[in-house]
Amino acid sequence: MPGALPGEAPLTDHLVDPHTPRGLNAFIAGLPKAELHVHHVGSASPRIVSELAARHPDSKVPTDPGALVDYFTFTDFAHFIEVYLSVVDLIRTPEDVRLLTYEVARDLARQQVRYAELTITPFSSTRRGIDEAAFMDAIEDARKAAEAEFGTMLRWCFDIPGEAGLEAAEETTRLATDDRLRPEGLVSFGLGGPEVGVPRPQFKPYFDRAIAAGLRSVPHAGETTGPETVWDALTHLRAERIGHGTSSAQDEKLLAHLAEHRVALEVCPTSNIATRAVRTLDEHPIKEFTRAGVLVTINSDDPPMFGTDLNNEYAVAARLLDLDERGLADLAGNAVEASFLDAAGKARIKDEIDAYTSGWLAS
Ligand SMILES: [Zn+2]
C-alpha cells in the first residue's frame, strides 16, 4: 500500500501505456524479469479476489470477475482504501493466505518474472487472529509450490505498517526475528504506510534488530515526502534499497550518494501517478535518476489496484527513458543486480536475459 495521500485523486486515468511500439511490448512480455517492490494483498488480481470472495460469501466483494473490474475502478483515494481493506477482509484463514500467495506467483510467472521479493505485512493477518505459525507455513508452502510448478522464486520482505505505530513495529520485528517463526524465504525488512507524520528515525531500534538477525533493509521513503526522508532511511534505518525514493530527484547530493553507494531505487511509475506522488508520467523523475547514475529498478507496487502490471511498467519506462530492447534488458538486469539473490542465482537470470535478448535481436 502506498503512503498518505491527498484525498481527491482519480485513480483510473493512467493504465496501459499506448505509446510503446507493439514490437517492444512483445519483447517485454517475454523478457525474464525480477520484481523487487510488489505487495502481497496489493497483488490480488480480480481473478484472485473472485476466488477469495467465493470462499467468504458474507463479504460484500463481488465474486464475478467482470463485476470486479468495475469494483476495482476507484473514484478517489478514500474509495481505493475502502476497496483495499475489503480485500484485506477476505484473507481470514491460513488457506486464504496460501491461495493468495500461490496465485500471485502464477500472475508473476505469466509475466516471465523469475524472482520476486514480495512485501508482506504479517501484522495485518496476525492482528486479525490468524495463527502466526500457520501464517508462516501457508506462505512457505505457497513459495515452494510456486517455485516447483511455475519456476518463479519468491522471497519475502516483512514490512511494518507505519500507520499502525510502534506496536506494529514490535510485532513485525518479533515475527521476522524469532527463530521458531521466521520463514526460510524471508530476506528483508521494510516500512510502508504513510510517511507524513510518521518519522522514519523512530523505527531505528526495530531495523537494528532485523539487520542483526541477517535481514536486509528496504524501507519506503521519499514517496510522498521530501528527500530528507530518504536521508533518514539511509542514516537511521541503514537502507540498502529505497522503496520509491521519488523525491530524491530534488537533492543532487542525495542522488550522488545513492549512485556512489549503489543504493537502488525501486521505481513504480504508475503507482506514483495513481497516488499523485507525481502529477504525470512525463514529469516522473526517473530520467533524473538514470542521468545521475542511480541504479533504477522497475516495479509494480499494487498492480491490479493501479490497473497495471510489471510488463506495463517496463513499457512506461521504455517510453520515459527512450529505451530499445538492449536498454530494457539492462533495466531488467538492474533489478537482478539489486535483488538479494545469491551470486549464482543472479548470474543464472542475467544469462537468461542475455540469451533471450540476443535471440530476439537475431530473429
Ligand atoms: Zn509499496
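Asp354 is partly exposed in this predicted model. Its relative accessibility is 48%. Buried would need under 20%, and exposed over 50%, so the residue falls in between. Asp354 sits in helix 16, which covers residues 343-362. It also belongs to a negative surface patch.

Now turn to strand 3, residues 153-161. Is it mostly covered or mostly open? Mostly covered: nine of its nine residues are buried. In a regular strand, side chains alternate between the two faces of the sheet. Look for that pattern here. Met153, Arg155, Cys157, Asp159 and Pro161 point one way. Leu154, Trp156, Phe158 and Ile160 point the other way. Both sets are buried.

Which strands pair with strand 3? One is strand 2, residues 113-120, which pairs with strand 3 in the parallel sense over six bridges. Here Ala116 stands opposite Leu154. Another is strand 4, residues 186-192. It runs parallel to strand 3, and six bridges join the two.

Strand 6 pairs with strand 7, residues 241-244, through two bridges in the parallel sense. Within this pair, His220 stands opposite Gly243.

Conventions:
Residues numbered from 1 in each chain as written. Predicted model: local features only at pLDDT ≥ 70, side-chain atom pairs only at ≥ 80, totals over all residues. Heavy atoms only, no water. Patch = residues over 30% accessible without salt bridge, like charges linked within 9 Å, V, L, I, M, F, W, Y side chains within 5 Å. Areas by Shrake-Rupley, 256 points an atom, 1.4 Å probe, with all protein chains shown as cover. Salt bridge = Lys/Arg side-chain N within 4 Å of Asp/Glu carboxyl O. Lys, Arg positive; Asp, Glu negative; His and termini not counted. Charge placed at Lys NZ, Arg CZ, Asp CG, Glu CD. Helix = DSSP H or I, 4+ residues; strand = E, 2+ residues; numbered from the N terminus. Buried < 20%, exposed > 50% of the residue type's maximum accessible area, 1.4 Å probe, protein only. Pairing = 2+ DSSP bridges.
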